Amino acid sequence: MRRNMGTADRSIRAAVGIAAVVLALLAGSATAPGIVLWIVAALKLGTAAVGFCPIYAALRLSTIGGFHRQGTRV
């Protein structure tokens, strides 16, 4: 897996992941909204930690050095 997320993108995802953890705890971990928030938190924190987004890869996008398509010449 080659990184396809820039620093700003990773920071935003980490902040959203942390917020989702807090909201999941407030909503109750075993409730339906709590479970959805745990899933969102895991996805956001996981992608932020590794710097790779599978959706970006499928769309051939990258936010390293700005938002652009991978493999295109300018």
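Trainee: In which helix is the place of Ala 48?

Mentor: Ala 48 lies in helix H2; a helix here is a DSSP run of H or I with at least four residues, a strand is a run of E with at least two, and both are numbered from the N terminus. The model is predicted, so local features need pLDDT of at least 70 and side-chain atom pairs count only at pLDDT 80 or more, while totals for chains, interfaces and linings use all residues. Residues are numbered from 1 along each chain as its sequence is written, and side-chain values use heavy atoms, with hydrogens and water left out.

Trainee: Why is Ala 48 called buried?

Mentor: Buried means under 20% relative accessible area, exposed means over 50%, and partly exposed lies in between (1.4 Å probe, protein chains only). Ala 48 has 9%, and therefore counts as buried.

Trainee: What makes Thr 47 buried?

Mentor: Its relative accessibility is 13%, so Thr 47 is buried. Thr 47 also belongs to helix H2, which covers residues 32–50.

Trainee: With which residues is Ala 48 in contact, leaving aside neighbours within four places in sequence?

Mentor: Ala 48 then touches Met 5, Arg 10, Arg 13 and Ala 14, where contact means heavy atoms within 4.5 Å.
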